[in-house]
Amino acid sequence: MTSPSPVRHFLRDDDLTPAEQSEVLDLAAALKADPYASKPLAGPQTVAIIFDKPTLRTQASFVAGIAELGGNPMVVDGTLAQIGTRESIADVARVLGRQASLIVWRTYDQSRIDEMAAHAGVPVVNALTDQFHPCQTLADLLTIREHKGATAGLTMTFLGDSACNMGHSYLISGALAGMHVRVSGPEGFGPDPALLARAQEIAAGTGGSAAFVADPKAAAEGADVLITDTWVSMGKESEAIDRAEVFRPWQLNEHAVALGAPGAIVLHCLPAYRGKEITAEVLDGPQSVIWDEAENRRHAQKAIMSYLLRPSSLSRRGE
Ligand code: CP
């Protein structure tokens, strides 16, 4: 008897190989072109979407995308469920895995979603943890493909808190896509050395590169894609340091854009704070593709859910 294939999850960017990432992006483009063509959640099957942290885009895009795939989005309020406090993550996983065909979770430490995946018996998708935001970077790569025609060989620069989930996910996802990824932030706000090394290992096989560049001007120079994110990530609001003061040289403003390659595009995962990490002129300017990026969350997430739900990727309740 053949053993069931293991359940596939999307917990961090490198849960996809470079070839798989490209396949998922192709699928996202196809689903964007024909949004109602594919109904892998027909039934409707339920997808549980749990939020332990605030959201707008992630909730809206998953709910809309799941409906477009023929499914039933079940939003679970993490403040009511109190996962890991009211009951164990493993028990929540076992319960939700009996109600839903797939689980999407925005939570805190990566270890929490790893534990959910270990016990759910259905695919689990990371909708942001403290360490990674892989659905956002899939949407960003789709946006780069649309506006630049490809990803491989392009230089992508992230300015800001490079120790946060977005910095890490850009390093890993960009390396998978064969890009030259530069992340830049103040001293003490560099990426996890292990994740930078992982990105460099991936890049060695895809023709890309991955680096922490301390000087924001050097990081922006010649970049095809310029990106920033809020200087105060979720959970860091009560910090004592004045981040606005520390991060000012890393602002994505007209000077940074002028250093970029001709025709460089500007991304921001949102929510944005005009006048802080990005100026209004840049966010609302001609090189900004931020609203396409926000829309592409839906198409990219539909693609990764469809990919994980393929019969070859699924062994329901195989714990
Ligand atoms: N970019 C993003 O994840 O947005 P939300 O926090 O609003 O979901």
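**Briefing: cavities, cores and selected residues**

Helix α6 (residues 134-148) contributes the most to the lining of the largest cavity, with four residues. Helices (H or I, at least four residues) and strands (E, at least two) are DSSP runs, numbered from the N terminus. This is a predicted model, in which local features need pLDDT of at least 70 and side-chain atom pairs count only at pLDDT 80 or more, whereas totals for chains, interfaces and linings use all residues. Residues are numbered from 1 along each chain as its sequence is written, and side-chain values use heavy atoms, with hydrogens and water left out.

**Cavity and pockets**

- On a 1 Å grid over the protein atoms alone, a cavity is a set of points where a 1.4 Å probe fits but cannot get out, and a pocket is an open set with protein on both sides within 12 Å along at least five of seven lines; lining residues have an atom within 4 Å of a point.
- Grid points are joined across faces, edges and corners, and a volume is the space filled by probe spheres set on the points.
- A search of the whole structure finds one cavity of 30 Å³ or more, and the largest cavity holds about 30 Å³ of space.
- The lining of the largest cavity consists of Phe10, Asp13, Leu16, Gln21, Pro134, Thr137, Leu138, Leu141 and Ser173.
- By class, the lining of the largest cavity has five nonpolar, three polar and one charged residue; Ala, Val, Leu, Ile, Met, Phe, Trp, Tyr, Cys and Pro count as nonpolar, Asp, Glu, Lys and Arg as charged, and the others, Gly among them, as polar.
- The largest pocket has a volume of about 660 Å³ and is lined by 37 residues, of which Asp229, Thr230, Val232, Ser233 and Met234 lie nearest its centre.
- At least two residues of the lining of the largest pocket come from each of α2 (57-68), α7 (165-176) and α10 (243-247), and the lining comprises 16 nonpolar, nine polar and 12 charged residues.
- The second largest pocket has a volume of about 160 Å³, and α9 (216-220) and α11 (254-259) each supply at least two residues of its lining.
- Among the residues lining the second largest pocket are Leu159, Pro216, Arg248, His255 and Leu259; by class, the lining has six nonpolar, three polar and two charged residues.

**Nonpolar cores**

- A nonpolar core is a set of buried Ala, Val, Leu, Ile, Met, Phe, Trp, Tyr and Cys residues joined through side-chain atoms within 4.5 Å; buried means under 20% relative accessible area, exposed over 50%, and partly exposed in between (1.4 Å probe, protein chains only).
- The largest nonpolar core has 57 residues, and those with the most contacts inside it are Phe62, Ile144 and Met179.
- Helix α13 (residues 290-309) gives the most to this core, with seven residues.
- A second, separate core of 19 residues includes Ile83, Val92, Ala100 and Met116.

**Helix α4**

- Ile89, Ala90, Val92, Ala93, Leu96 and Gly97 are buried in helix α4 (residues 89-97).
- These residues cover an arc of only 160° around the axis, which puts them on the same side of α4; the arc is that of the directions from the helix axis to the C-beta atoms.
- The buried residues of α4 pack against β1 (46-51), β2 (72-77), β3 (102-106) and α5 (110-120), where contact means heavy atoms within 4.5 Å.

- Thr155 lies in strand β5 (residues 155-159) and counts as buried at 10% relative accessibility.
- Leaving aside neighbours within four places in sequence, Thr155 is in contact with His180, Arg182, Gly222, Ala223, Asp224 and Val225.
- Leu226 belongs to strand β8 (residues 225-228) and is buried, with a relative accessible area of 1%.
- Leu226 and Ile265 are 39 residues apart along the chain, and their C-alpha atoms are separated by 6.2 Å.
- Not counting residues up to four places away in sequence, Leu226 touches residues including Thr157, Leu252, Val257 and Ile265.

**Backbone features in loops**

- The peptide bond from Gly43 to Pro44 is cis, with omega near 0°, and Pro44 lies in the loop between α1 (18-33) and β1.
- The peptide bond from Leu270 to Pro271 is cis, with omega near 5°, and Pro271 lies in the loop between β9 (265-268) and α12 (280-283).
- Leu270 is a residue other than glycine with a positive phi, near 70°, and is buried, with a relative accessible area of 11%.
- Gln82 is not a glycine, yet has a positive phi of about 50°; Gln82 is found in the loop between α3 (78-81) and α4 and is partly exposed, with a relative accessible area of 37%.
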